[in-house]
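Please walk me through this structure in plain terms. I would like to begin at one residue and then look at how two chains meet.

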Amino acid sequence: MIQTTDISKSYNGIQVLKIDELHIPKGQSFGLVGNNGAGKTTYFSLLLDLINPTTGSITSNDIVVSNSEDWKPFTSAFIDETFLIGYLTPEEYFYFIGDLRGQNKADVDALTSQFEDFFNGEILGKKKYLRDLSKGNQKKAGIVAALIGNPEVIILDEPFANLDPTTQIRLKQILKDLAEKQGVTVLVSSHDLLHVTDVCERIVVLEKGEVVKDLETNPTTLRELEAHFAKSAISSSEEEE
Amino acid sequence: MIKHFLNLEWKQYFRSPYWQKNLALNILLVFFALYLMAFFVLGGVGLYYGLDELLPNQDKLAIVSKYMFYWILGDLLFRFFMQKLPVMSVKPLLTLPVKRSTVVNFVLGKSAFSFFNFLPLFLAIPFAITLSAYGYPDTTAILMWVFIVIIITFSSNFLNFIIEAYSAELSVPLLPFLIVAAGLYGLNYFEIISFTDIIGNGVIAITQNPIFILIPLLVLGLLYMVNYKLLLQKLYLDASLKTKVKDVNASDLSWTKRFGDIAPFMQLDLRLIWRNKRTKSTAFLMVIGLLYGLFFYPQPMYREMEFMWAFIGIFSTGFFLINFGQFIPAWDSGYYKMLMSQNIKYEQYLRSKFILMVMSVVVMFVLGIPYVYFGWKILIAHFAAAIYNIGVNSHVIMWGGSFNRKKIDLDKKAAFNYQGTGAVQWLIGIPLMLVPMILFGILNWLLGFEVAIATLITLGIIGIVLHKKLMKFITEKYLNSKYKMIAAFSKDA
């Protein structure tokens, strides 16, 4: 579904991302982990054609994302709260996204009504603008907006951050269902190793812009990841001494 | 502690991307300030000569003191619209070992250094110097008088913040203040209570008995204390630092459906305009644009200048077009990334803004029809200007938007807000009005009124006919600068 070839991104000669080859098949739930500055958001931004690659290309469904816009109808994303339009209410925002993705009001209502539990009564019908919602509620609205219009690829950057524990558990279930039952390719990044290992079939570890691990999730994955990140914590504290 | 605060202020000012990017604009503002200062100094000296001419043998200090009531009232009005309490980002300080009183005193002290407080001195001191140079007998009186001016200036400064604090909680903050000001003026005008006499006599009394200076000083101290108390209450997260949550004003926008595929963008644009401070004030400013002609046409001198018709026509019918258009697409800068990752047709996005601008031109022209009172030729000139706005200016300004690299924070007010303004906006804004004016002026002078009108209309119609092609060209420009815009809009302004 998504094929990354020889991609790299540099700013002023400093390389922030370099991936030689990465293939994400259709219907896979794919997790990206790495410390701050590892290149997770850069990779997602390249996937969404928000920044221009220095070399290489990414194809989504055989469409080169930086050449054509035909990947947009089947791709949706929530990267950060700048994806929200602050002066709209959540409903207006959903309808707006729905309009852009060819869904009428009834379609959008049908979809959002499935998420009443997830919203916990704090999003719909509250007569509040998105800019006045709490960070967690903004995130919920953004994530659900990314599900509008039956996308085949969903990209979520740090979806678990700022959410309360109950919502985190609900979100995990939603993401699993999307990949397993509906064949949606789900890409998430997270700092929470437990959550990604729960949700994702495959986990890629980025470090300084490069892929250092590519794991098929199994019962020992969490321990392996923890060991990996603990190792770099120990080695860096040794360096300091 | 004050040293730290000053250090923070300094860094905040000079490290803001706004300062660094807008050096030219800042220089312009400095020149404007110097101009005002020079104007006031000359005014102060001129005031002496003026009074000498009109009322040669009277006590000039007494005359000026008599009219100080109007100055105080005018000063307060002016400050109310222009001056805001200086802001300091206090949130990070609240948990640090800094006394709340230090923060409050600093903010209030900072406000004392406002440009507004120095302007009156630029008038009062030259006046006082001229007065004593021409041998005014009582030097202490002059000194006391200057001292009073200083005290009154600072009192107005602090009184203004108190008025602002209370009126901010009202739904129509302007109205009560204006009513009170007009009431005071009226009471004085009809001599029910003569404030001019009270204040004039008071000032004279102080200049003669310096001990009375304690009274205005006491008032100043009291005003400072009230401000201090007000601010101290606000230094809690749940009071004023927390952003206010406003209830939604939802309106039915389903009528936009008739515009077909651009309807979602039209709805978005209308909500954008209506629900954000900056855009809302832009919309309100349309009234000024509409009434702009009234500054000129009532005077026969300007009514004769035919080239002014084109200028006023362009300005009043295109006021919204220019003010709204020059910040396309920066209005959407906050969520530009999202728009770019959505399945949108850029052309639809732009066309929605285009139609909005065209509608505004039509509405402004229709509302401006009463200008026919000043002559039917003026109406025809306005009509030609409106067509020119629709056909030419609308496209030019959207094309200019593709060079836009400045983010806009929608929640800030519009007057004296230069955020998002760059050299491009100035470069594009001027020809929008000047080109048609010069064109009209020259043709009118050489070939006559009819030819000049016909030329503007023809140019406009050519633009309308070529609309599709022009839009395609403009859309491509926007697409080409996509990455640059995204990068620029993600930076904080």
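Which residues does A:L84 touch, not counting residues up to four places away in sequence? They are A:Y93, A:L130, A:Q138, A:A141, A:G142 and B:Y335. Two residues count as being in contact if their C-beta atoms, placed from the backbone, lie within 7 Å. This is a predicted model, in which local features need pLDDT of at least 70, side-chain atom pairs count only at pLDDT 80 or more, and totals for chains, interfaces and linings use all residues. Residues are numbered from 1 along each chain as its sequence is written, while chains are lettered from A and ligands numbered from 1 in the order in which they are written.

A:L84 sits in the loop of chain A between β6 (75-78) and α2 (90-100). Helices (H or I, at least four residues) and strands (E, at least two) are DSSP runs, numbered from the N terminus. A:L84 is buried because 23 other C-beta atoms lie within 10 Å; the cut-offs are 20 or more for buried, 12 or fewer for exposed, and partly exposed in between, with C-beta atoms placed from the backbone. A:K139 is 55 residues away from A:L84 in sequence, yet their C-alpha atoms are 9.0 Å apart.

Between the chains, 24 residues of chain A are in contact with 21 residues of chain B. On the chain A side, α2(A) gives the largest share, three residues.

As for confidence, the model scores ipTM 0.78 and pTM 0.71.
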